[in-house]
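Okay, thanks for coming, everyone.

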Amino acid sequence: MTLYSKKYASRLAGRNLFYLGQIRKCLVAMIQYLKTPPSPSPSAPDNTTSKMMSVTEFLFALKLDNINLFKILRYLDRSRLPQKLLGFTNFATSVSTSGTEGGEEEKNMEGDEFMSKHISSLSIVQTFLTCLTSTQHEGKVVPEWPTRDSLSGGRGRSMKHPTLRYVSLQPSSSFSDILNEAHAVILAGGTLRPFSHVATELLAGKDDKMMQAAVDAESHVSAVLGSSNNATQMNTKEAGTKSMPQSSSIVSCVSSDLTTFTCGHVIPPSNVLTVCLSSGPTSTKLDFRHSSRSSDAVCDELGRTLLNLSAVVPSGLIVFLPSYSYEDHLVNRWKKIGLLDQLSRKKSVHREPKSSADLEAAMSKYSKEARGSGAILLSVVGGKMSEGINFADDMARCVLIVGLPYPDITDPELQEKMKSLDRSVQEKKGGISGNAYYHNLCMRAVNQSIGRAIRHGNDYAAVVLADARYASESRIWLGLPHWLRGSSGSQTIGREQSASYGRSLFGIRTFFKERTQNS
């Protein structure tokens, strides 16, 4: 920015120089603010150094409260300064690096300091400044500074430099523009339920009528799927009309404002087996609450459970764990007691890489061995492999979900979001409570991980849920897809009080034996 201003100072009008000075003032203020981190709080999660501020507090802290951001944004948009600055920077970089091997971009990529030649850095600043024009309740600013944990790649957010982030608390503010301009909006996905959760995120405070329609639709779908069990009946509800029968796994709800549609999975019910494990082979309770999951007894029991599963599950077996730190703890414990060596003799053991650059190589190696002699992949719920990855056929004949991946309740961003939702409920603006949002985040992450295994109509897999709460708490069980809970005729084991670990393991062995005979 400074070089650009100096080079073209004689050609630019006074108005342009004024706005360039205003933008530079904003950038310098942000840089100076990030140079003085506050003292880390011992009670903060992962000992992170961060704070959450309202937009007004942030602007006053940077002494930018007298800057008219709306005029700056209008100037950036009309002058196309971000694009011009990108061209200027690329030209200056090419001149300075001419004669050297490889461009600056390649060097930056190798050093994990990637700088794009196609996206202007100023456009990112422009987006951030746009966020600073939002209202107090729409979002917060989060300044963060790197700590020793983040620099060494430990738990928490990986950081090398201080950053400024804007956290949106009301996505509906942005989504309302789409609703106003579009004739119709279609949202399609496998984890959109509960509809009330999605509606709270996208509609709360903006369209009360459509918001209520989403809540009514979720109540109707839950009632139909809850009462139908394995019966076949028609369940179409249309506003102002009587219900019409159809398959119990297909439920639609139509109103003048919103149409919802939900259906079962493409696979036949016999191709999926759901197993709830409340205890392991030595009858130790599988309780993966944060207070007990790191105990030697629970870690050892999980290792023995995985060892038994590796003997009856063919090909690939994927284990989804609550966090990277817990995965590290398990691996270290299993190495110490020799369980990791025993697992390696059954199937090769692979771990999800922490670096995205290593993901492709890790996937290729796991895929080859899973389709050969069999392999185990230790992954993390919400990590790189729990969403958007296709583990079809032999790559994942079994998915083992360990515990319930509830987000860190002490996270200030999550606390602020939950407070915002509770405030909306208290003000009768509709939506779901903070606690309901917290629970839905966990179950959505579980369902995303489960969905990695069954990828087409002829696929089959066993889904093993290792935690006593899956069997004992109905709210958690009902948070799973209805096609997985046996409501569409699929097989479930382990929810009965009389269910034993031995019976569950026998059921898994039988399931795969039948699939092998039928193939």
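This is a predicted model: local features need pLDDT of at least 70, side-chain atom pairs count only at pLDDT 80 or more; totals for chains, interfaces and linings use all residues.

Let's start at strand β6, residues 259–262: T260 and T262 make up the covered face, and T259 and F261 the uncovered one. Residues are numbered from 1 along each chain as its sequence is written, and side-chain values use heavy atoms, with hydrogens and water left out.

When I say helix or strand, I mean DSSP runs numbered from the N terminus: H or I with at least four residues for helices, E with at least two for strands.

A hairpin of four residues takes you from β5 to β6, and V254 sits opposite T259 in β6.

Zooming out for a second, the protein chain has 20 helices and 13 strands. Of its 519 residues, 45% count as buried, meaning under 20% relative accessible area with a 1.4 Å probe and protein chains only; over 50% is exposed, and in between is partly exposed. Contacts, for me, are heavy atoms within 4.5 Å. Among those between residues at least 6 apart in sequence, 71% join residues at least 24 apart.

Next, the open sheet. Three strands form it, in the order β1-β2-β3, with antiparallel pairing. Which strands stand at the edges? That's β1 (49–50) and β3 (163–168): each has a single partner strand, so one side of each is left without a neighbour in the sheet. Strand β2, residues 139–145, pairs with β3 over six bridges, antiparallel, and G139 has S168 in β3 as its bridge partner.

For a parallel case, go to strand β9, residues 348–351. β9 pairs in the parallel sense with strand β10, residues 375–380, over four bridges, and H350 stands opposite L377 in β10. Between the two strands the chain goes through helix α15, residues 359–370, and this β-α-β crossover is right-handed. Right-handed here means that, with the strands pointing away from the viewer, the path from the first strand over the helix to the second runs clockwise.

Now look at E352, in the loop between β9 and α15. Buried or exposed? E352 has a relative accessible area of 4%, so it's buried. Its side chain makes a polar contact of 2.4 Å with the side chain of Y324. The criterion there is a pair of N or O atoms within 3.5 Å; within protein, one must be able to donate a hydrogen and the other to accept it, and residues adjacent in sequence count only if both atoms are side-chain atoms. Leaving aside neighbours within four places in sequence, E352 is also in contact with residues including L377, S379 and K384.

On to the rings. A search of the whole structure finds 11 aromatic pairs. The rings of Phe, Tyr and Trp (its six-membered ring) pair if their centres lie within 6.5 Å; planes under 30 degrees apart are stacked, over 60 edge-to-face, and the rest tilted. Y19 and Y75 have ring centres 4.9 Å apart and planes at 15°, so that pair is stacked. Y19 is in helix α2 and Y75 in helix α4 (residues 69–79), 56 residues apart, and both are buried. F288 and Y326 have centres 6.5 Å apart and planes at 75°, so they're edge-to-face. Both of those are buried too. There's also a cluster: ring pairs link Y33, F58, F128 and W145.

Last stop, helix α2, residues 14–34. At 1.5 Å a residue, its 21 residues should span 30 Å, and the end C-alpha atoms are 31 Å apart, which agrees. That expected span is 1.5 Å times one less than the number of residues. The buried residues of α2 include Y19, C26, M30 and Y33.

That's my tour, so over to you.

Definitions and conventions. Two strands pair if DSSP finds at least two bridges between them.
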